[in-house]
Amino acid sequence: MIKRCIQCITYTIFLITSCEAPEERTPISEDQFAKHIRTTEAMAAEDQLKSFQLPPGFKIELFASEPDIGKPMNLSFDAKGRLWVTQSQAYPFQDSTGATADRITILEDLDNDGKADRFTTFADSLNIPIGIQPVNDGAIAFSIPNVYHLVDTDGDDRVDHRKVLLSGFEYKDTHGMINNFFRGLDGWIHANHGFSNVSEVVGTDNKAPVRMQSGNTFRFKPDGSGVEFTTTGRVNPFGYAMDEFGYFYSVDCHTSPLYQLIRGADYPHFGKKPTGIGFGPALMPHNYGSTALAGLDYYTCDQFPEAYRQSFYLGDVVKSRVYRATIDMAGTTPVPKWEPDFIVSQDPWFRPVDIKVGPDGALYIADFYNRIIGHYEVPLDHPGRDRERGRIWRITYEGQEKFHQSVDWSEKGLQELIEGLNQPSLNVRMMVADQIVDRFGDSASSAIRDLLDDNEATVQQLIHSLWILFRLERMDQELINWALSHQHDLVRLHQLQVLFEMDHLDEQVINRIRSLVNHQNPHIVRASIMILAQHPSFDQVELLLNQSKLVTDKDTHLSYALKQALRDHFRSQTLLARVMEYSWKNDQIPVMAAAMVGVDQAKAAQFLAGHLKKFKEDPDLVVYSNHIARLLPESELDQFQKQLRTLSRDQQYLQYQLIESIQNGMAQRGSKTHYLENWAVSWATVTLEQPSTTSLKEELSEVEQLQIFACQVAGNYQVEQLRSELLDLLRSEPTHPQLRTEAARALLTISADHFEQVTMVAQQAPQADPVREQLYLLLVQQKTEESYILVSNAINSLSFDTQKKLVMSMANDQQGIEEILKVARSMEISPKMLLEPSIQSLLSSNMNNQQKAEYEDITENLTPFSDETQSIIRERVSGYQSASKSLSAGELVFKQHCGSCHQIGGSGGNIGPQLDGIGNRGLLALTEKTLDPNRSVSKSFVNYAITLNDGTVKQGLYRRDEGNLKIFADLSGTEFSVPLGDIKDQTALPFTLMPDNFSNIIPESDYYQLMHYLLEQK
């Protein structure tokens, strides 16, 4: 134990002591943990206990299990040292009866033997309760669809009244909901909003709804007022913790596993591109696949050996283990290091969904003990899901556990609580501070002020005293000056964080904070900058710009905070007006530009446009151009594009990037792009006059990329004078198929008269020529009787994949459906194709009654598509072991068929989930998900049928909004945009973008290569 007399010194530095690696453990076979549906049988809790491996000296014991508890989800401790557990047997199905077994139970260890003796059901008939924070008169908890204050009015540990604090939470996706309540130093309840759901959250103050979309974090006051974002983005955050610096941390079940959260930051999430100043910095790489992380806590107690303190502990519910990570600091940026796994289980049913450090210094693990944990990898109604078993495990260090027992702080007097602010555990100190504020209120302020004058008070006591006085609204000028002048940097840091929470600061305090921006301690610098961001002043801009020169590349978090501060300054219209009038140094302007793109005001665009020459070599010039085009007054757009045209003269590739960027920006604002027409057409003419390359390699050359865009320009502006160049490209057999297809698309856009010329090329192309199939796909989009007949006459000579795409395109209107039914009845295509979910959905929406009857007749005796698919799955799994396989060959198959939508190791598309660690799912699960992707569809990856005002129907995966545009991705993984005003209707479809005919698309041998490659991604 660290002596209290030296804690004042040691807490000024965040020092993680290194340790020797624990002894080697017996290797555990990974095969049993690679199945979504575990093949082993459930173990009794006593047998499961024997399955765990921990570092030497650590002991694990069963704290509680069924039937005393059900399926535990979230854990939290109260001031009496009791463990509160939320449990759900209904999960993953939300309840509609109001009579489920879902409940919150209070667990007590009455004889301090490390096992729960008393189980009190505090609240029952709940609906997947998954976030909880005990308070003195009960608990604040989430249960679909609200956050409640569950009030115990008579002190019998049973709820008497349920008050709604926050409402409006969506719950269509029950594996990504509100979770892991954490009461911060500020006294607010902090929480995660999970994957997929879109919520319109209203608190008790009935202010305008806060719209939460998929992953983000938020906070609210214990009375339900003040709900607000703390961060946006990420996929499915689950777990919350805090370190001695007051920095919050959270895990993400999908992206980088551990984040230090920067207030107000936007982090990466599905389908979203970075906007403004970009995404907040990531923290930890995907060493573990990071697709199944749950629960997080930070250990500051003194029961564990010193080497295991100041460590993050987090669970992995797929690999059935608990990880440990230590942290070093590069300035204010944490540099995490994965230590050897802390807990590994031989029982694949072990599912550590939550982790909490108890007030006794032990580590408590909520084990959702189950054969199945996946939400969409396995059907929600699969009978193998366990509904009864659940365990809570307690980890201690042998020889220390008896000296560390929970204290009942709820009965302690004020002076004892003040002493308790010196406890080694950060969690306990925060609990004690809550008791002082909640029970004693303002009557405690005098005693707390006296503590600040006590020379024997420790750093911990001083820090928590500052936060207590802030919460009691007793933070005065004298106290602020005292704390900001304190000899210990950690005290100064927390005082600054207190000031960050205050709405009004006088000029004297602001001046003092300005003086700290150049402090030698980077944490103090960052905290000062974040306060100044809330109090913009023209004089501070120069200060922030000077500080930006001093930040090292490694301190990404401080760098991001500086960008935020400058952006927030520039969002002040009066300040921005002064910025526009001032003469800035050349080396300052690029720094300002990086922040200006976060300011959606015309003056920000004018600032950027006025300094275009300064960005000539800036890699973000294209980003700036998009921002300018989106916001610049329309009267200045013509001059703006002329400036860029001059700036990029003789740089063909840069001109391409700029023209495309400006087009997107103007589309986002809803403006026509006629300002660009002369430049774009001139550029396209020069580009198409260049000799095209004749290489048919898979990757497009730079020239080919430019010429593809030139074709699009020709089509967009209907440039008839480029007809000859486009025809030459179309007819040039050595030219890349994608370029030839774009030339054909442009010709058809310019005039329908080019239909015959495109048709002739398609009909004359050899069957092996890939352009042939692309041209038929293009021709069918003309949606005329002539195009439908043309396609139906050629359809039997095209690949199965192309046939399916043609059928889907024709299924949007009755004329096309006539041809579909004709070729199906004549066996030109397999009638079974009509049973595929994506096609069946389109046909059923658009067929007339006569066509429906004919459809039923054609498909009446066909084997259901799902039955045939299941048969193929069995055959592929059976044939895998004996197949010849190569890792490099498998990687090539992945890039060809999967890489446009999925990433591995940061390489690939960003349409679907990234697949780092996918090999842990095992052969059967991967085969099922690949061959039958619509068996269980995540709500975030459903397709939409988008009906336009002109009757056209498109299909795509919704990605994001960009101003006046909605962005979708099509079946090839390519994004396309639709103006909001053009959309008549948008309907969710029960299938994903992922092809459900994969067994027909690639040869069986290639499929085995792909599985081999994916199974190696662990």
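Biologist: Which elements cover the buried residues of helix α26?

Modeller: In this predicted model, helices (H or I, at least four residues) and strands (E, at least two) are DSSP runs, numbered from the N terminus. Helix α26 spans residues 800-810, and eight of its 11 residues are buried (under 20% relative accessible area; exposed is over 50%, partly exposed in between, with a 1.4 Å probe and protein chains only). Contact here means heavy atoms within 4.5 Å. The cover over the buried residues includes α24 (770-780), α25 (785-794), α27 (814-825), α28 (837-846) and β32.

Biologist: What applies to numbering and to the pLDDT limits?

Modeller: Residues are numbered from 1 along each chain as its sequence is written, and side-chain values use heavy atoms, with hydrogens and water left out. Because the model is predicted, local features need pLDDT of at least 70, totals for chains, interfaces and linings use all residues, and side-chain atom pairs count only at pLDDT 80 or more.

Biologist: Is Glu962 buried or exposed?

Modeller: Glu962 lies in strand β32, residues 953-962. Its relative accessibility is 18%, so Glu962 counts as buried.

Biologist: Which residue does the side chain of Glu962 meet in a polar contact?

Modeller: Leaving aside residues up to four places away in sequence, Glu962 touches Lys273, Gln668 and Ile967. A polar contact is a pair of N or O atoms within 3.5 Å; within protein, one must be able to donate a hydrogen and the other to accept it, and residues adjacent in sequence count only if both atoms are side-chain atoms. At 2.7 Å, the side-chain partner of Glu962 is Arg960.

Biologist: What is the relative accessible area of Arg219?

Modeller: Arg219 also meets Glu228 in a salt bridge, at 2.7 Å from N to O. Glu228 is partly exposed at 27%, whereas Arg219 counts as buried because its relative accessible area is 5%.

Key:
A salt bridge is a side-chain nitrogen of Lys or Arg within 4 Å of a carboxyl oxygen of Asp or Glu.
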